[in-house]
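Open the model in your viewer and keep the sequence panel beside it. We will go stop by stop, selecting one thing at a time.

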Amino acid sequence: MQRGLTMVVGPPGSGKTDMAVQIISNLYHNYPEQRTLLVTHSNQALNQLFEKIMAMDIDERHLLRLGHGTEELETEKDFSRYGRVNFILALRLELLDEVKRLQDSLAVGGDVAYTCETAGHFYIYQVLSRWEAYMSKVKPLIDSDEGLAALQEKFPFSKYFENAPQPLFKGQSWAEDIDIAEGCFRHIKKIFSQLEEFRAFELLRSSMDRINYLLVKEAKIIAMTCTHAALRRRDFVELSFKYDNVVMEEAAQILEVETFIPLMLQNTEDGVSRLKRVILIGDHHQLPPVIKNMAFQKYSNMEQSMFTRFIRLGVPAVQLDAQGRARPSLCQLYQWRYEKLGNLTHVTNSPEYQMANAGFQFDHQLINVEDFNGKGETQPNPYFYQNLAEAEYAAAMFMYMRLQGYPQEKITILTTYNGQKHLIRDVLNKRCGSNPYFGNPEKVTTVDRYQGSQNDYIILSLVRTRHIGHLRDVRRLVVAMSRARLGLYILARVTLFSKCRELTPAFTLLKKHPQQLCLVPDEFYPSSRPVSVSPANPPLVIRDMVHLTKLVFDEYQVRLHAMRVQQQIPLPSPEELDVSSNDNMAEDDDQQIHDQQNDSADQQNDSADQQNDSADQQNDSSDQQGRPLDQHELVDHPVDQQNEPVDKQNEPVDHPADQDKDASQQQQEEDQP
């Protein structure tokens, strides 16, 4: 673990998070006196990293998670400041009980287990003295029969270890028995060393003093976001917060100034910084930092992170050159963006990668989605793009996969716009949200928010039908194509995206398969067909969205009838599924999006009249748009033709760069022939 700056470039699926966890573990065990600061850009990434650190061989009393998001950790333990103080106080009582039991085993009088201070005196004058006397008696008898007997007979803590597996000493060799004796004493010594560390928590009476001591002295691994570091920097400096190492994950998504702040949370000592190591881990080929001001973003180049700047300047970096997330066929969609990116052996040898996706002819496919009722992309509010045909198609694909037996937690629906995200959620709530046979996907969100996450099967909606939009940024394309492990199905207007020069490498590979969805309805999850073997029967080619929804409806009716015949618990009928839409739509929990709402509020207010006119026109034409499943009557048409999305006129976009600005700028974005 050399000192100085270390940079790690990791493509998608190459194990950046696991590498960060291993680096932190090595620092903790090799330099136990040093303290490490762990920084990420988002709470989601920090929680994922922190959960893996908890699984390592690291004493949890040395872990501390600062800032919001601690309640989202998938653990029953509380790693916040107050939670760690309560944990230490409870552990102190448990250790004092052990001291009391040791006192009774040694037949020592007095109340030595009352405080950490009295326990310390008991250790020095009673425990340590007995151990030193024991060692002085048995060491002269080394490698003798008398020595083996003396090791067991003269051991002063035999009664204390009566609850350990017996016999305590094997009596076969001197080396083995003396190692057992020393191990027992190390266990006792650890109890008193921890109590000595907890002694300050007895002397400090207020909760805030205990929290500050925990932060400054006790915790060895402190995790926070770069935002929290910026907000609390003055407090850290005033507390004389000290640390030796900084590990920064998602470094390519952090602004330059946000990268500097975590390095300056402590004062220098005699003009020399205590900081010994700075480790930056990221991928400059994925999404950059978020800059809300367009002038700063485009003309000041503020969206360039320090990590990216160092890479462009030629700073030496460690390049991870093998990915272990996606099938090799899926990896090819973004492999061209990286130099010498290969595959780990398990993505070709593991059984789940060797089997085809049940019910599908291909493991990835680009599906052309035409207009529905003469409409492609719509814009109920400025920069709030939606595409009803793709939303219906995505919901129907999810329902088909559930009918084939796919677990709902293995399916994620992604889209490139916030408006489409809400529309898909509306459609899913209408179609299958109240039906236990289908349920909801593991997550419905935007590509930008899903960076750093993955799932087995991804349904991706690209939304746009007139202009390319912000997907022209290749970094967003890399993120979108690299989220799936086993299956990726993209809904898009093929003629539009195929003309974009920046997207040519990926879409050339995607167009090798038919642009119509090819299904194998007689296969069910889990698949028994190897990925290299073609289906036994000719695939069913889906013509359009209406064809797929009819297929899903017919299959659902067959399943429903069969279950009722078998006298199972009856499922809701199609008529029973016709419920009113859920008014309490899922809201985005991230406060960062609401910050973007404030930035665009003035522009939205200026166009309020135009929005109202647009909403009226949509309401007037809603009766003419029809429903894709009227003749089958599975459920009513979702969203009642976009009345609900219109209510979300204050929803922000997911990325300032996602905005296609105004009509003149849209015209400039038209693809060159």
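**Start with the whole protein.** This is a predicted model. Show everything as a cartoon. The protein has 27 helices and 18 strands. Of its 673 residues, 53% count as buried. Among contacts with a separation of 6 or more, 78% join residues 24 or more positions apart.

**Stop 1: colour by confidence.** The mean pLDDT is 84, and 84% of the residues reach 70 or more.

**Stop 2: helix α3.** Select residues 81–106.

Is Phe-87 buried, exposed or partly exposed? Its relative accessibility is 23%, so Phe-87 counts as partly exposed. Show what Phe-87 touches. Leaving out residues up to four places away in sequence, Phe-87 touches Glu-60 and Arg-61. Glu-60 is 27 residues from Phe-87 in sequence. In space the two are 9.5 Å apart, C-alpha to C-alpha.

Now step off the end of the helix. Just after α3, Ala-107 takes a positive phi of about 60°.

**Stop 3: helices α4 and α6.** Select residues 116–138 for α4 and 174–197 for α6. Their axes are 10 Å apart and meet at an angle of about 165°. Angles over 145 degrees count as roughly antiparallel, so α4 and α6 are roughly antiparallel to each other. Their crossing is left-handed. Show side chains at the contact. On the α4 side, look for residues including Phe-122, Tyr-123, Trp-131 and Tyr-134. On the α6 side, the contact residues include Trp-174, Phe-185, Ile-188 and Phe-192.

**Stop 4: two cis peptide bonds.** Most peptide bonds are trans. A cis peptide bond joins Gln-166 and Pro-167, with omega about -5°. Pro-167 lies in the loop between α5 (145–153) and α6.

Jump to Tyr-525 and Pro-526. A cis bond joins this pair too, with omega about -5°. Pro-526 is in the loop between β17 (518–519) and β18 (540–541).

**Stop 5: two positive phi values.** Most residues other than glycine have a negative phi. Select Asn-373, in the loop between β10 (364–368) and β11 (377–381). Asn-373 is not a glycine, yet its phi is positive, near 55°. With a relative accessible area of 41%, Asn-373 is partly exposed.

Move on to Tyr-383, in the loop between β11 and β12 (384–387). Tyr-383 has a positive phi of about 65°, again without being a glycine. Is Tyr-383 buried or exposed? Its relative accessible area is 11%, so Tyr-383 is buried.

**Stop 6: helices α17 and α22.** Select residues 388–403 and 545–565. These helices pack at an angle of about 30°, with axes 9 Å apart. Angles under 35 degrees count as roughly parallel, so α17 and α22 are roughly parallel to each other. α17 passes α22 in a left-handed crossing. From α17, the contact includes Ala-389, Tyr-393, Met-397 and Tyr-400. From α22, it includes Leu-548, Val-552, Tyr-556 and Arg-559.

**Stop 7: helix α18.** Finish with residues 418–431. The 14 residues of α18 should span 20 Å at 1.5 Å a residue, and the end C-alpha atoms are 20 Å apart, which agrees. Now bring back the surroundings. How many residues of α18 are buried? 13 of the 14 are, so α18 is largely enclosed by the rest of the structure.

Notes: Residues numbered from 1 in each chain as written. Predicted model: local features only at pLDDT ≥ 70, side-chain atom pairs only at ≥ 80, totals over all residues. Heavy atoms only, no water. Helix = DSSP H or I, 4+ residues; strand = E, 2+ residues; numbered from the N terminus. Buried < 20%, exposed > 50% of the residue type's maximum accessible area, 1.4 Å probe, protein only. pLDDT = per-residue confidence, 0-100. Expected span 1.5 Å × (residues − 1). Contact = heavy atoms within 4.5 Å. Axes fitted to C-alpha atoms, helices over the stretch in contact; angles between N-to-C directions. Parallel < 35°, antiparallel > 145°, perpendicular 65-115°, else oblique. Left-handed = near helix turned anticlockwise from the far one by under 90°.
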